[in-house]
Amino acid sequence: MQRKLYDEDHELFREVATEFNAREIAPHYAKWDDEHMMSRDMWTAAGEQGLLGLAVPEDFGGMGMSDYRFRAVLDEEFARSNHLAVGLAFHLHDDLVLPHLLAYGSDELKERWLPGMVTGEKVTSIAMTEPGAGSDLRSVRTKAVRDGDDWLISGQKTFIGNGISGDASLVLARTDGGTGRGSTDSFSLFMVEKGEGYNTGKQLDKMGLKASDTAEIFFDDVRVPGVNLVGEVGQGLRYAAEQLPQGRLAIAVASSAVARTVYEATVQYTKDRNAFGERIIDFQHSRFELADILTEVEVTETYVDQAILAFNAGELDASSAARAKLWASERVKSITDRCLQLHGGYGYILEYPVAQAYLASRLLTIFGGTNEIMRDVIGRAIAA
Ligand SMILES: Cc1cc2nc3c(=O)[nH]c(=O)nc-3n(C[C@H](O)[C@H](O)[C@H](O)COP(=O)(O)OP(=O)(O)OC[C@H]3O[C@@H](n4cnc5c(N)ncnc54)[C@H](O)[C@@H]3O)c2cc1C
């Protein structure tokens with residue numbers, strides 16, 4: 001089926017992304033994978049190419065591209081080239097940190113952060129999760145205490161992507177002085193810059209997406225100027241809930257793109273390889289598998305494309321975004337597994353894109369809210 005999501009402008013943007021991928025990422029990606037860190041030059045090169053901070057208004061140095069299809073094109077290109085760690089790094093910066101600053105930040109805060117986020121001179125991370133609080137963010141213990149016009153932040157975060165490479169993190173911290181499990185009003189969001197008292201732990205050794213750095217962060221009375229409070233005190237969890245649909249949509253887009261890429265690679269592989277005097281694709285079992293997979297790929301694309309259009313129209317609510325994320329990430333989990341099987345032993349060898357995609361995409365049912373939490377969000381909306 002022909003997808004009808006994109007027009008000529010999106011395809012021109014895709015050419016820019018493809019060329020950027022080939023020039024700035026492909027030659028270095030294996031080294032970044034080994035070092036568990038991508039270069040800062042890549043970020044500034046992406047900024048020069050207009051690939052960062054797409055939604056930032058012109059007043060703050062961006063292009064004001066509110067059409068999410070451009071972000072989707074980028075995600076598709078990172079999936080196609082198997083540079084999924086770069087896709088993840090951009091996702092944290094553009095789909096998770098940026099929307100909070102755009103929606104709730106004061107002009108002063110925007111002035112401080114947005115131009116650098118567009119040029120790639122400022123790389124950001126989002127720090128919600130803690131060792132004792134992942135799905136249950138009301139158990140976050142990192143605290144922020146007022147000190148004159150400033151805030152002092154103390155606590156510990158974990159699993160933070162761009163945690164080592166980034167310059168600042170959007171941090172969820174408790175501001176009501178309470179202990180134990182907080183209420184919806186107990187938390188606030190701060191942009192916390194690297195500096196005194198801000199320490200990163202060692203790299204966490206992930207099973208995939210190795211070129212993206214992931215770390216623990218420790219805050220020991222980090223002084224944060226009042227201007228770096230995002231929006232109002234006590235609104236942090238509400239803001240996060242309001243912005244979650246974009247993050248979950250992005251995961252759905254990436255899932256769909258990886259599923260398509262892996263399917264296409266598997267069709268080619270099964271045409272190229274022979275056993276018992278026949279191509280692998282000539283076994284009825286292989287064809288039936290590929291028939292099911294292609295159908296699932298197209299259903300997923302169609303569903304995710306509708307979610308993108310709903311998001312553009314301001315109509316993607318929390319349950320719809322959760323359904324798109326749930327469906328697409330479960331599909332890619334199953335599809336990468338079945339495609340790997342069709343590669344036989346070569347599917348287990350990391351040189352083959354299917355093995356890399358299998359490891360990278362395993363995150364997608366966990367990250368951005370686990371799929372059990374997605375079912376909970378959807379189920380509650382049904383029951384309401
Ligand atoms: C590679 C990677 C990168 C990440 N990047 C970031 C990042 O940049 N910033 C950030 O803040 N976080 C990040 N995370 C954290 C991620 O969002 C959390 O891991 C995720 O939200 C789950 O939290 P948890 O790991 O504490 O699992 P837990 O909450 O402990 O869950 C364990 C299991 O229990 C299930 N469960 C929990 N609650 C319920 C419930 N109510 N009903 C049914 N089942 C439930 C879960 O679904 C899961 O299966 C990252 C994680 C990884 C692995």
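**Note on the ligand shell and the salt bridges**

1. The shell around the ligand consists of 10 nonpolar, six polar and two charged residues. Here Ala, Val, Leu, Ile, Met, Phe, Trp, Tyr, Cys and Pro count as nonpolar, Asp, Glu, Lys and Arg as charged, and the others, Gly among them, as polar. The model is a predicted one, in which local features need pLDDT of at least 70 and side-chain atom pairs count only at pLDDT 80 or more, while totals for chains, interfaces and linings use all residues. Residues are numbered from 1 along each chain as its sequence is written, and side-chain values use heavy atoms, with hydrogens and water left out.

2. Which of the 18 residues around the ligand come nearest? They are Thr129, Ser135, Phe159, Thr370 and Glu372. A residue is near a molecule or strand if one of its heavy atoms lies within 4 Å of it.

3. Several polar contacts deserve attention. A polar contact is a pair of N or O atoms within 3.5 Å; within protein, one must be able to donate a hydrogen and the other to accept it, and residues adjacent in sequence count only if both atoms are side-chain atoms. An N or O atom in the side chain of glutamate 372 is 2.6 Å from an oxygen atom of the ligand. Backbone atoms take part as well: a polar one of isoleucine 126 is 2.8 Å from a nitrogen atom of the ligand, and a polar one of glycine 161 is 3.0 Å from an oxygen atom of the ligand. The ligand taken alone exposes 970 Å², of which the protein buries 63%. Accessible areas come from the Shrake-Rupley method with a 1.4 Å probe; for residues, only the protein chains shown count as cover.

4. Strand E1 (124-127), strand E3 (150-161) and helix H11 (371-383) are the elements that give two or more residues to the shell around the ligand. The largest share, three residues, comes from E3. Helices (H or I, at least four residues) and strands (E, at least two) are DSSP runs, numbered from the N terminus.

5. The salt bridges form a second topic. A salt bridge is a side-chain nitrogen of Lys or Arg within 4 Å of a carboxyl oxygen of Asp or Glu, and by this rule the count comes to 31. In one of them, the side chains of arginine 3 and glutamate 76 meet at 3.1 Å, N to O. Arginine 3 lies in the segment before helix H1 (8-25) and glutamate 76 in helix H4 (residues 69-80), so this pair ties together parts that are 73 residues apart in sequence.

6. Is glutamate 76 buried or exposed? With a relative accessible area of 5%, glutamate 76 is buried, whereas arginine 3, at 27%, is partly exposed. Buried means under 20% relative accessible area, exposed over 50%, and partly exposed in between (1.4 Å probe, protein chains only). Glutamate 76 also forms a salt bridge with arginine 14, the closest N and O atoms being 3.0 Å apart. This pair links distant parts of the chain, helix H4 and helix H1, 62 residues apart. Arginine 14 counts as buried at 11% relative accessibility. Salt bridges that share partners join Arg3, Glu11, Arg14, Glu76, Glu77, Arg80 and Asp305 into one network.

7. Glutamine 246 is found in helix H7 (residues 236-272) and counts as buried at 12% relative accessibility. Its side chain is joined to that of aspartate 95 by a polar contact of 3.0 Å.
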